[in-house]
Amino acid sequence: MSADALKRIAIVPAYNEERNVGRVIDELRAFDPGLHVVIVSDGSLDRTAEVALEHGAHVVKLPFNLGIGGAVQTGFRYAHENGYELVVRCDGDGQHDPSQLPKVLAPVLAGEADIAVGSRFAGDEGYRSSATRRVGIRLLALIVSAIARQRVTDTTSGFQALNAKALALFAADYPHDYPEVEGMVMTIKHRLRLCEVPVTMREREHGRSSITALRSFYYMAKVLLALFVGLFRRSVVPAGGA
Amino acid sequence: MILAAQTPLKVSLAATAASLVLVLVVFELIRSRRLRERYALLWLLTGIVLVILSAWRGGLNTIAAWLGVRGYPPAVLFAVGLLFVILVLLHYSTVISRLSDQNVVLAQRLALLETRLSERER
(Lines give C-alpha, C1' and ligand atoms only; values in the text may rest on other atoms or scores of the structure.)
Protein backbone atom coordinates (compact mmCIF):
# COMPACT_ATOMS: atom_id res chain seq x y z
CA MET A 1 0.00 0.00 0.00
CA SER A 2 1.20 3.50 -0.69
CA ALA A 3 1.51 5.97 2.15
CA ASP A 4 -0.15 8.68 0.07
CA ALA A 5 -3.55 7.04 0.36
CA LEU A 6 -3.47 7.11 4.14
CA LYS A 7 -4.22 9.91 6.55
CA ARG A 8 -0.87 10.13 8.27
CA ILE A 9 0.72 12.08 11.06
CA ALA A 10 4.04 12.43 12.85
CA ILE A 11 3.90 12.67 16.63
CA VAL A 12 6.73 14.64 18.14
CA PRO A 13 6.96 15.06 21.90
CA ALA A 14 8.96 18.14 22.84
CA TYR A 15 10.06 19.60 26.12
CA ASN A 16 11.85 22.95 25.85
CA GLU A 17 12.99 22.30 22.29
CA GLU A 18 12.37 25.73 20.72
CA ARG A 19 15.74 25.53 18.99
CA ASN A 20 15.22 22.09 17.44
CA VAL A 21 11.51 21.74 16.89
CA GLY A 22 11.21 24.07 13.89
CA ARG A 23 13.82 22.19 11.92
CA VAL A 24 12.27 18.84 12.85
CA ILE A 25 8.91 19.98 11.48
CA ASP A 26 10.44 21.41 8.29
CA GLU A 27 12.38 18.23 7.63
CA LEU A 28 9.35 16.01 8.18
CA ARG A 29 7.26 18.06 5.78
CA ALA A 30 10.06 18.21 3.25
CA PHE A 31 10.20 14.44 3.38
CA ASP A 32 6.45 14.10 2.86
CA PRO A 33 4.29 17.19 2.28
CA GLY A 34 1.14 15.18 3.04
CA LEU A 35 2.40 14.22 6.45
CA HIS A 36 0.72 16.12 9.25
CA VAL A 37 2.82 16.91 12.28
CA VAL A 38 1.60 17.25 15.84
CA ILE A 39 3.97 18.67 18.41
CA VAL A 40 3.12 17.74 21.98
CA SER A 41 4.67 20.43 24.12
CA ASP A 42 5.15 18.69 27.44
CA GLY A 43 4.82 21.66 29.75
CA SER A 44 7.61 23.51 27.95
CA LEU A 45 8.69 26.76 29.54
CA ASP A 46 10.17 28.17 26.34
CA ARG A 47 8.59 28.99 22.96
CA THR A 48 8.35 25.39 21.74
CA ALA A 49 4.61 25.61 21.07
CA GLU A 50 4.79 29.01 19.32
CA VAL A 51 7.68 27.94 17.11
CA ALA A 52 5.80 24.76 16.20
CA LEU A 53 2.71 26.77 15.24
CA GLU A 54 4.80 29.15 13.12
CA HIS A 55 6.15 26.15 11.27
CA GLY A 56 2.64 24.95 10.52
CA ALA A 57 2.35 22.01 12.89
CA HIS A 58 -0.62 21.01 15.00
CA VAL A 59 0.21 21.77 18.60
CA VAL A 60 -1.07 20.15 21.77
CA LYS A 61 0.08 22.04 24.82
CA LEU A 62 0.11 20.09 28.06
CA PRO A 63 -0.49 22.30 31.10
CA PHE A 64 2.47 20.80 32.94
CA ASN A 65 5.21 18.25 32.37
CA LEU A 66 3.88 14.70 32.19
CA GLY A 67 7.07 12.99 31.14
CA ILE A 68 7.75 11.32 27.82
CA GLY A 69 5.12 8.56 28.12
CA GLY A 70 2.28 10.91 29.02
CA ALA A 71 3.30 13.30 26.25
CA VAL A 72 3.56 10.65 23.57
CA GLN A 73 0.24 9.15 24.61
CA THR A 74 -1.33 12.59 24.24
CA GLY A 75 -0.10 12.53 20.66
CA PHE A 76 -1.53 9.05 20.14
CA ARG A 77 -4.87 10.21 21.49
CA TYR A 78 -4.82 13.23 19.20
CA ALA A 79 -4.09 11.01 16.21
CA HIS A 80 -6.68 8.43 17.22
CA GLU A 81 -9.44 10.97 17.83
CA ASN A 82 -8.74 12.65 14.51
CA GLY A 83 -8.87 9.43 12.55
CA TYR A 84 -5.28 9.07 11.43
CA GLU A 85 -4.40 5.70 9.94
CA LEU A 86 -0.64 5.83 9.94
CA VAL A 87 1.54 7.28 12.66
CA VAL A 88 5.22 7.93 12.95
CA ARG A 89 6.72 8.86 16.23
CA CYS A 90 9.97 10.73 16.46
CA ASP A 91 11.78 12.84 19.00
CA GLY A 92 11.75 16.60 19.08
CA ASP A 93 15.50 16.99 19.49
CA GLY A 94 16.41 16.22 15.88
CA GLN A 95 18.02 12.84 16.63
CA HIS A 96 15.70 11.05 14.25
CA ASP A 97 16.51 11.73 10.65
CA PRO A 98 13.39 11.93 8.43
CA SER A 99 15.42 10.56 5.53
CA GLN A 100 15.37 7.26 7.47
CA LEU A 101 11.58 7.28 7.64
CA PRO A 102 10.95 5.16 4.54
CA LYS A 103 12.87 2.32 6.22
CA VAL A 104 10.75 2.54 9.36
CA LEU A 105 7.52 2.90 7.43
CA ALA A 106 8.14 0.07 4.98
CA PRO A 107 7.09 -2.93 7.14
CA VAL A 108 3.91 -1.15 8.29
CA LEU A 109 2.95 -0.08 4.78
CA ALA A 110 3.62 -3.58 3.51
CA GLY A 111 1.24 -4.90 6.16
CA GLU A 112 4.00 -7.01 7.67
CA ALA A 113 4.02 -5.30 11.03
CA ASP A 114 1.63 -3.31 13.21
CA ILE A 115 4.53 -1.41 14.69
CA ALA A 116 8.03 -0.94 13.34
CA VAL A 117 10.85 0.34 15.50
CA GLY A 118 13.98 2.00 14.17
CA SER A 119 16.91 0.34 15.90
CA ARG A 120 20.37 1.81 16.27
CA PHE A 121 21.85 -1.61 16.92
CA ALA A 122 20.16 -3.91 14.43
CA GLY A 123 22.51 -2.93 11.62
CA ASP A 124 26.29 -2.88 11.48
CA GLU A 125 26.68 0.84 11.83
CA GLY A 126 27.97 1.55 15.30
CA TYR A 127 26.30 3.87 17.74
CA ARG A 128 28.58 5.51 20.24
CA SER A 129 27.52 5.73 23.87
CA SER A 130 29.03 5.19 27.29
CA ALA A 131 29.95 1.70 28.52
CA THR A 132 27.34 1.63 31.30
CA ARG A 133 24.64 2.60 28.89
CA ARG A 134 25.66 -0.07 26.43
CA VAL A 135 25.49 -2.72 29.15
CA GLY A 136 22.05 -1.49 30.20
CA ILE A 137 20.81 -1.39 26.64
CA ARG A 138 22.06 -4.92 25.95
CA LEU A 139 20.55 -6.25 29.18
CA LEU A 140 17.16 -4.74 28.41
CA ALA A 141 17.32 -6.06 24.87
CA LEU A 142 18.02 -9.58 26.17
CA ILE A 143 15.16 -9.46 28.68
CA VAL A 144 12.65 -8.06 26.22
CA SER A 145 13.76 -10.56 23.57
CA ALA A 146 13.15 -13.38 26.05
CA ILE A 147 9.70 -12.10 26.96
CA ALA A 148 8.78 -11.38 23.36
CA ARG A 149 10.33 -14.62 22.06
CA GLN A 150 11.67 -12.51 19.25
CA ARG A 151 15.02 -10.80 18.85
CA VAL A 152 14.99 -7.08 19.61
CA THR A 153 18.09 -4.95 19.85
CA ASP A 154 16.97 -1.44 20.70
CA THR A 155 14.35 -1.19 23.41
CA THR A 156 14.65 2.54 23.96
CA SER A 157 14.12 3.81 20.46
CA GLY A 158 11.41 6.43 20.04
CA PHE A 159 11.65 6.26 16.27
CA GLN A 160 8.61 4.19 15.35
CA ALA A 161 5.86 3.70 12.82
CA LEU A 162 2.41 2.41 13.79
CA ASN A 163 -0.72 1.40 11.96
CA ALA A 164 -4.25 2.16 13.14
CA LYS A 165 -4.46 -1.02 15.22
CA ALA A 166 -1.33 -0.23 17.24
CA LEU A 167 -2.46 3.39 17.49
CA ALA A 168 -5.77 2.38 19.04
CA LEU A 169 -3.98 0.30 21.66
CA PHE A 170 -1.51 3.00 22.62
CA ALA A 171 -4.16 5.72 22.66
CA ALA A 172 -6.06 3.65 25.22
CA ASP A 173 -3.10 2.54 27.29
CA TYR A 174 0.51 3.60 27.21
CA PRO A 175 3.18 3.18 29.89
CA HIS A 176 4.12 6.44 31.53
CA ASP A 177 7.67 6.86 32.67
CA TYR A 178 9.96 5.26 30.10
CA PRO A 179 7.44 3.87 27.69
CA GLU A 180 9.42 2.31 24.86
CA VAL A 181 10.51 -0.83 26.72
CA GLU A 182 7.16 -1.59 28.29
CA GLY A 183 5.45 -0.54 25.08
CA MET A 184 7.32 -3.26 23.22
CA VAL A 185 6.21 -5.88 25.73
CA MET A 186 2.63 -4.59 25.60
CA THR A 187 2.69 -4.82 21.83
CA ILE A 188 3.69 -8.46 22.00
CA LYS A 189 1.19 -9.30 24.72
CA HIS A 190 -1.60 -7.86 22.63
CA ARG A 191 -0.44 -10.04 19.77
CA LEU A 192 0.46 -7.13 17.57
CA ARG A 193 3.29 -7.72 15.15
CA LEU A 194 6.45 -5.87 16.01
CA CYS A 195 9.53 -5.59 13.88
CA GLU A 196 12.82 -3.77 14.06
CA VAL A 197 14.46 -1.88 11.27
CA PRO A 198 18.10 -0.78 11.32
CA VAL A 199 18.48 2.99 11.19
CA THR A 200 21.19 5.50 11.91
CA MET A 201 20.50 8.33 14.29
CA ARG A 202 22.13 11.70 14.56
CA GLU A 203 23.76 13.37 17.51
CA ARG A 204 21.73 16.06 19.21
CA GLU A 205 22.42 19.52 17.89
CA HIS A 206 21.24 21.67 20.75
CA GLY A 207 20.76 20.92 24.41
CA ARG A 208 21.34 17.69 26.28
CA SER A 209 19.52 14.40 26.42
CA SER A 210 17.30 13.99 29.46
CA ILE A 211 18.98 10.75 30.54
CA THR A 212 22.07 11.17 32.72
CA ALA A 213 24.35 8.46 34.16
CA LEU A 214 22.80 8.47 37.61
CA ARG A 215 19.33 8.45 36.19
CA SER A 216 20.00 5.44 34.02
CA PHE A 217 20.39 3.24 37.11
CA TYR A 218 17.10 4.51 38.47
CA TYR A 219 15.71 3.99 35.00
CA MET A 220 16.92 0.39 34.84
CA ALA A 221 15.51 -0.41 38.27
CA LYS A 222 12.11 1.02 37.36
CA VAL A 223 11.95 -0.62 33.98
CA LEU A 224 12.98 -4.01 35.38
CA LEU A 225 10.33 -3.72 38.10
CA ALA A 226 7.72 -2.75 35.52
CA LEU A 227 8.68 -5.64 33.25
CA PHE A 228 8.73 -8.13 36.11
CA VAL A 229 5.36 -7.05 37.50
CA GLY A 230 3.97 -6.90 33.98
CA LEU A 231 4.57 -10.62 33.64
CA PHE A 232 2.10 -11.24 36.46
CA ARG A 233 -0.60 -9.05 34.99
CA ARG A 234 -3.44 -10.91 33.39
CA SER A 235 -4.89 -8.12 31.27
CA VAL A 236 -2.36 -5.57 30.16
CA VAL A 237 -4.92 -2.87 29.59
CA PRO A 238 -6.42 -1.91 32.97
CA ALA A 239 -10.18 -2.18 32.96
CA GLY A 240 -11.83 1.20 32.59
CA GLY A 241 -8.57 2.75 31.42
CA ALA A 242 -6.83 5.18 33.76
CA MET B 1 6.29 -21.47 86.70
CA ILE B 2 7.52 -17.98 85.85
CA LEU B 3 4.86 -15.34 86.28
CA ALA B 4 4.09 -13.56 82.97
CA ALA B 5 5.11 -9.88 82.80
CA GLN B 6 2.36 -7.37 83.58
CA THR B 7 1.47 -4.03 81.97
CA PRO B 8 2.12 -1.17 84.42
CA LEU B 9 -1.10 0.67 85.28
CA LYS B 10 0.33 4.11 84.44
CA VAL B 11 1.39 2.96 80.98
CA SER B 12 -2.05 1.53 80.40
CA LEU B 13 -3.76 4.77 81.46
CA ALA B 14 -1.48 6.98 79.35
CA ALA B 15 -1.84 4.76 76.28
CA THR B 16 -5.62 4.61 76.67
CA ALA B 17 -5.82 8.40 76.94
CA ALA B 18 -3.62 8.88 73.88
CA SER B 19 -5.58 6.39 71.75
CA LEU B 20 -8.88 7.94 72.86
CA VAL B 21 -7.62 11.34 71.74
CA LEU B 22 -6.75 9.79 68.35
CA VAL B 23 -10.24 8.33 67.99
CA LEU B 24 -11.86 11.63 68.99
CA VAL B 25 -9.70 13.67 66.60
CA VAL B 26 -10.52 11.31 63.71
CA PHE B 27 -14.21 11.44 64.61
CA GLU B 28 -14.15 15.23 64.70
CA LEU B 29 -12.36 15.37 61.33
CA ILE B 30 -15.05 13.19 59.78
CA ARG B 31 -17.84 15.18 61.44
CA SER B 32 -16.50 18.46 60.10
CA ARG B 33 -16.04 16.86 56.65
CA ARG B 34 -12.31 17.43 56.60
CA LEU B 35 -11.67 13.69 56.30
CA ARG B 36 -13.65 11.44 54.01
CA GLU B 37 -15.01 8.26 55.49
CA ARG B 38 -13.16 6.03 53.06
CA TYR B 39 -9.81 7.42 54.19
CA ALA B 40 -10.85 7.61 57.85
CA LEU B 41 -11.80 3.96 58.30
CA LEU B 42 -8.24 2.74 58.71
CA TRP B 43 -7.48 5.51 61.19
CA LEU B 44 -10.60 4.76 63.22
CA LEU B 45 -9.72 1.09 63.26
CA THR B 46 -6.19 1.95 64.43
CA GLY B 47 -7.54 4.12 67.25
CA ILE B 48 -10.13 1.60 68.38
CA VAL B 49 -7.72 -1.33 68.40
CA LEU B 50 -5.20 0.74 70.38
CA VAL B 51 -7.85 1.86 72.86
CA ILE B 52 -8.92 -1.73 73.50
CA LEU B 53 -5.38 -3.05 73.87
CA SER B 54 -4.35 -0.13 76.11
CA ALA B 55 -7.32 -0.29 78.45
CA TRP B 56 -7.64 -4.07 78.68
CA ARG B 57 -4.43 -4.90 80.55
CA GLY B 58 -5.26 -8.59 80.97
CA GLY B 59 -5.79 -8.92 77.24
CA LEU B 60 -2.54 -7.15 76.40
CA ASN B 61 -0.63 -9.35 78.87
CA THR B 62 -2.15 -12.49 77.36
CA ILE B 63 -1.44 -11.43 73.77
CA ALA B 64 2.12 -10.48 74.73
CA ALA B 65 2.59 -13.94 76.29
CA TRP B 66 1.22 -15.61 73.12
CA LEU B 67 3.63 -13.63 70.98
CA GLY B 68 6.52 -14.51 73.26
CA VAL B 69 7.02 -10.94 74.46
CA ARG B 70 8.35 -11.70 77.95
CA GLY B 71 9.78 -8.52 79.36
CA TYR B 72 7.39 -5.71 78.58
CA PRO B 73 3.85 -6.32 77.28
CA PRO B 74 3.25 -2.69 76.12
CA ALA B 75 5.82 -3.41 73.39
CA VAL B 76 2.87 -5.09 71.67
CA LEU B 77 1.19 -1.66 71.52
CA PHE B 78 4.17 -0.30 69.60
CA ALA B 79 4.10 -3.22 67.22
CA VAL B 80 0.36 -2.91 66.57
CA GLY B 81 0.62 0.87 66.22
CA LEU B 82 3.50 0.54 63.76
CA LEU B 83 1.67 -2.08 61.74
CA PHE B 84 -1.33 0.21 61.33
CA VAL B 85 0.85 3.20 60.41
CA ILE B 86 2.44 1.11 57.67
CA LEU B 87 -1.01 0.07 56.45
CA VAL B 88 -2.20 3.68 56.39
CA LEU B 89 0.92 4.78 54.47
CA LEU B 90 0.51 2.00 51.95
CA HIS B 91 -3.12 2.97 51.51
CA TYR B 92 -2.03 6.55 50.86
CA SER B 93 0.48 5.41 48.26
CA THR B 94 -2.31 3.71 46.35
CA VAL B 95 -4.47 6.82 46.66
CA ILE B 96 -1.66 9.06 45.40
CA SER B 97 -0.96 6.70 42.50
CA ARG B 98 -4.59 6.78 41.48
CA LEU B 99 -4.76 10.55 41.79
CA SER B 100 -1.66 11.05 39.67
CA ASP B 101 -3.02 8.70 37.00
CA GLN B 102 -6.25 10.67 36.94
CA ASN B 103 -4.25 13.88 36.85
CA VAL B 104 -2.45 12.74 33.72
CA VAL B 105 -5.73 11.88 32.02
CA LEU B 106 -7.17 15.27 32.94
CA ALA B 107 -4.11 17.14 31.65
CA GLN B 108 -4.26 15.21 28.37
CA ARG B 109 -7.99 15.83 27.95
CA LEU B 110 -7.58 19.51 28.71
CA ALA B 111 -4.72 19.88 26.22
CA LEU B 112 -6.60 17.99 23.49
CA LEU B 113 -9.75 20.04 24.01
CA GLU B 114 -7.75 23.28 23.92
CA THR B 115 -6.17 22.20 20.65
CA ARG B 116 -9.55 21.28 19.18
CA LEU B 117 -10.94 24.65 20.22
CA SER B 118 -8.05 26.71 18.88
CA GLU B 119 -7.96 24.78 15.59
CA ARG B 120 -11.66 25.43 15.14
CA GLU B 121 -11.21 29.15 15.75
CA ARG B 122 -8.37 29.47 13.29
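Colleague: Why is β3(A) described as largely enclosed by the rest of the structure?
Modeller: β3(A) is largely enclosed because 5 of its 5 residues are buried. Buried means that 20 or more other C-beta atoms, placed from the backbone, lie within 10 Å of the residue's own; 12 or fewer makes a residue exposed, and anything in between partly exposed. Strands (E, at least two residues) and helices (H or I, at least four) are DSSP runs numbered from the N terminus.

Colleague: Which residues point which way from β3(A)?
Modeller: A:H58, A:V60 and A:L62 point one way, and A:V59 and A:K61 the other way. In a regular strand the side chains alternate between the two faces of the sheet.

Colleague: How many bridges join β2 of chain A to β3(A)?
Modeller: There are 5 bridges between β2 (residues 36-42) of chain A and β3(A), and the two run parallel. Strands count as paired if DSSP finds at least two bridges between them. In β3(A), A:V60 is the bridge partner of A:V40.

Colleague: And what do β2(A), helix α2 of chain A and β3(A) make?
Modeller: Together with helix α2 (residues 48-54), the strands β2(A) and β3(A) make a right-handed β-α-β unit. Right-handed means that, with the strands pointing away from the viewer, the path from the first strand over the helix to the second runs clockwise.

Colleague: Before we go on, what kind of model is this, and how is it numbered?
Modeller: It is a predicted model: local features need pLDDT of at least 70, side-chain atom pairs count only at pLDDT 80 or more, and totals for chains, interfaces and linings use all residues. Residues are numbered from 1 along each chain as its sequence is written, while chains are lettered from A and ligands numbered from 1 in the order in which they are written.

Colleague: Turning to β6(A), which strands run antiparallel to it?
Modeller: β4 (residues 86-89) of chain A is joined to β6(A) by 4 bridges and runs antiparallel to it. β5 (residues 115-119) of chain A is also antiparallel to β6(A), with 3 bridges. A:L162 is the bridge partner of A:V87, and A:Q160 stands opposite A:V117.

Colleague: Now chain B: what covers the buried residues of α4(B)?
Modeller: The cover includes β3 (58-62) and α3 (68-81) of chain A, as well as α1 (9-31), α2 (37-55) and α3 (57-67) of chain B. Among the buried residues of α4(B) are B:V76, B:L77 and B:V104.

Technical notes
Two residues are in contact if their C-beta atoms, placed from the backbone, lie within 7 Å.
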